[in-house]
Amino acid sequence: MATLEIRDLHVTVEADNATKEILKGVDLTVKQGETHAIMGPNGSGKSTLAYSLAGHPKYTITGGTVLLDGEDVLEMSVDERARAGLFLAMQYPVEVPGVSVSNFLRTSATAIRGEAPKLRTWVKEVKEAMQRLNMDPSFAERNVNEGFSGGEKKRHEILQLELLKPKVAILDETDSGLDVDALRVVSEGVNRVRETGEVGTLLITHYTRILRYIKPDFVHVFSAGRIVESGGAELADKLENEGYEAYTKGGVSA
Amino acid sequence: MAEAQNIPVGSTTAGQIAVAAESTVATRMSAPPSFDVADFPVPHGREEEWRFTPLERLRGLHDGTAAATGDGLKVDVQAPEGVTVETVGRDDARLGKAGTPVDRVAAQAYSAFEKAGVITVPKETVLTEPIRIAVHGEGGTAFAHQVIELGAFAEAVVVIDHTGDAVLAANVDYILGDGAKLTVVSVQDWDDKAVHVAQHNALVGRDASFKSVVVTFGGDVVRLHPRVQYAGTGGEAELFGLYFTDAGQHQEHRLLVDHNTPHCKSNVVYKGALQGEGAHAVWIGDVLIEAKAEGTDTYEMNRNLVLTDGARVDSVPNLEIETGEIVGAGHASATGRFDDEQLFYLMARGIPAEEARRLVVRGFFAELVQQIGLDDIEERLLEKIDEELEASV
Ligand SMILES: Nc1ncnc2c1ncn2[C@@H]1O[C@H](COP(=O)(O)OP(=O)(O)OP(=O)(O)O)[C@@H](O)[C@H]1O
Ligand SMILES: [Mg+2]
């Protein structure tokens, strides 16, 4: 069973010629089939956690370990992490001019699966996945994320999630910028992947809204670079009613 | 690519818009245009038109020491039925009608060629197959002149491939009759040692459209000078270019669109990628809107992607406007590095670094190729780009 284990993770960034510690000791274990929601105020370090797990070069790991099925993730390059089964749906997906979605998806699937998918079944697979996400077939010929609306970018991220079938999916604010219809479509996509029971999900969000569609097994409150409280789905209700105030004003020390 | 306007690594991006100024495009040249090499002093390298060019690598094309060698260059023309292909002497009246040499090497080429090629597509002839010109260097030095003339309402695609090793100075004339449509794809796929200096003169007839696609991959020094003038109103010129400048290569594209006629259009888009120590790309984009050229619509753009340290770009767009009665005039130039965020995104989807870099560069060029609007040429170009990237990125 696939397990992602994060132990005492410390991360810094370089900003304005100064080194700033953003993550200050994150501990978390995500097992296959589980869904963990990470909730926290703006700037608390949620995206930093997501990027650090994926290996973004801007973030320096200064302490701690991350293991995927016992393998040292921090030793792996960005692409090796993805091939090992980590997937990051980005808060702000990047435009890649001149690279079509279909070329991108196929190149990526080829890399992840270790061989090029058979053209005929592949075309069908992509078409059906796009249909389920209410994406117009014409998206396949457009350049990656170029001119996509916020909602279209997020659907495109979930399309990749469905096609690449990772062991651990980190979804960074997949709900932000979505209207209610798009939120439902995207959530259904995530749920289809979750229902296979083969993915561990780390759902990063600022709002409780998405948790009406995607039911977490665990909820963690993130503040000032670490997890300050963990609980079940009921913790989300508390956040819904009380907001993050108790955590940001130093009311809780983890 | 990041929207960096200017980056260090020896890149300069300068631009200027001169309104109703003196015609500096003309005045900054060391001598007025002429067919006679004797009218141009031997350049020393500080002249405006030569200041980016490594004269010492021109193998004597600029100072009269280069001499033609008999068999150095093979030219093979394949033309569909209805097209006339001729080899003519220096005195043929059709030569030099599209433009006059503007620098010493072009004048040298005009003064030294022995035979010229003339390809004629008669009026109202619409070709369904391209005319193919294969220029293959076999290590010699050559001076050449080529004329391609389309009669009124004729339509043709010409593909010129340059391969092998040569020292070549040439003038190429494109003459478009009224309503004619000409697309020229010129691919510089030379071996590493080749030196190629050429002036391209297009004379665009009334309501005619000229499309030029310049693709430069190879050579030690390639310096091309595509120039456009209009012979009647309603003419359109699109100049596309892409170059991939590797370590040690000097690739220079100097363009001039002379809006000398009212109600004409031009669109210039050149994109280049550079990598390796001593890779040097130069792009000069001169657009001149003369006082009489009311209703002009023009845009020019140059973008460069610098893949490694040690490469240098000089990009100089220059728009001179002598009348305010125009539809539009714009220019842009940007030089940027690899966008780390793009690489990260691709790699986060399992794509290895090298392949991700190739995808980004391919995409950078594909954006331009997609604008050309001719399916089979687009495909061919993308294949060429893939080959080039496969070999070098
Ligand atoms: N590349 C970077 N350079 C400089 N500072 C950074 C960088 N990345 C993150 N930070 C800083 O680290 C802190 C945490 O940012 P992060 O994006 O991880 O927060 P977040 O919890 O995802 O916020 P949001 O809810 O707004 O998405 C912020 O103060 C941010 O400014
Ligand atoms: Mg964030």
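How many nonpolar, polar and charged residues does the lining of the largest pocket have? Let's walk up to that pocket and see. Keep in mind as you look around that this is a predicted model.

The largest pocket holds about 820 Å³ of space. Its lining is made up of 39 residues, and the ones closest to the centre are B:Leu73, B:Val75, B:Lys115, B:Phe143 and B:Ala144. Now for the count: 21 of the lining residues are nonpolar, 13 are polar and five are charged. If you want to trace where the lining comes from, follow the strands of chain B. At least two residues each come from β3 (73–78), β4 (84–88), β5 (116–121), β6 (131–150), β7 (155–176) and β9 (195–204). The top contributor is β6(B), which hands over eight residues.

Next, hop over to chain A and find ligand 1. There are 16 residues around this ligand, and A:Gly43, A:Lys46, A:Ser47, A:Thr48 and A:Tyr59 come nearest. One of these, A:Lys46, has a side-chain N or O atom 2.8 Å from an oxygen atom of ligand 1.

Three elements of chain A give two or more residues to the shell: β1 (3–15), β2 (18–31) and α1 (46–54). The largest share, three residues, is supplied by α1(A). Sorted by class, the shell contains five nonpolar, seven polar and four charged residues.

Look for B:Thr261 in the loop that runs between β13 (250–259) and β14 (265–274). Is B:Thr261 buried or exposed? Its relative accessible area is 10%, and since buried means under 20%, B:Thr261 counts as buried. Then check what its side chain touches. The side chain of B:Thr261 gets to the backbone oxygen of B:Tyr230 at 3.0 Å. It also makes a polar contact of 3.2 Å with the side chain of B:Asn260.

Note on methods: Residues are numbered from 1 along each chain as its sequence is written. Chains are lettered from A and ligands numbered from 1 in the order in which they are written. This is a predicted model: local features need pLDDT of at least 70, side-chain atom pairs count only at pLDDT 80 or more; totals for chains, interfaces and linings use all residues. Side-chain values use heavy atoms; hydrogens and water are left out. A residue is near a molecule or strand if one of its heavy atoms lies within 4 Å of it. A polar contact is a pair of N or O atoms within 3.5 Å; within protein, one must be able to donate a hydrogen and the other to accept it, and residues adjacent in sequence count only if both atoms are side-chain atoms. Helices (H or I, at least four residues) and strands (E, at least two) are DSSP runs, numbered from the N terminus. Ala, Val, Leu, Ile, Met, Phe, Trp, Tyr, Cys and Pro count as nonpolar, Asp, Glu, Lys and Arg as charged, and the others, Gly among them, as polar. On a 1 Å grid over the protein atoms alone, a cavity is a set of points where a 1.4 Å probe fits but cannot get out, and a pocket is an open set with protein on both sides within 12 Å along at least five of seven lines; lining residues have an atom within 4 Å of a point. Grid points are joined across faces, edges and corners, and a volume is the space filled by probe spheres set on the points. Buried means under 20% relative accessible area, exposed over 50%, partly exposed in between (1.4 Å probe, protein chains only).
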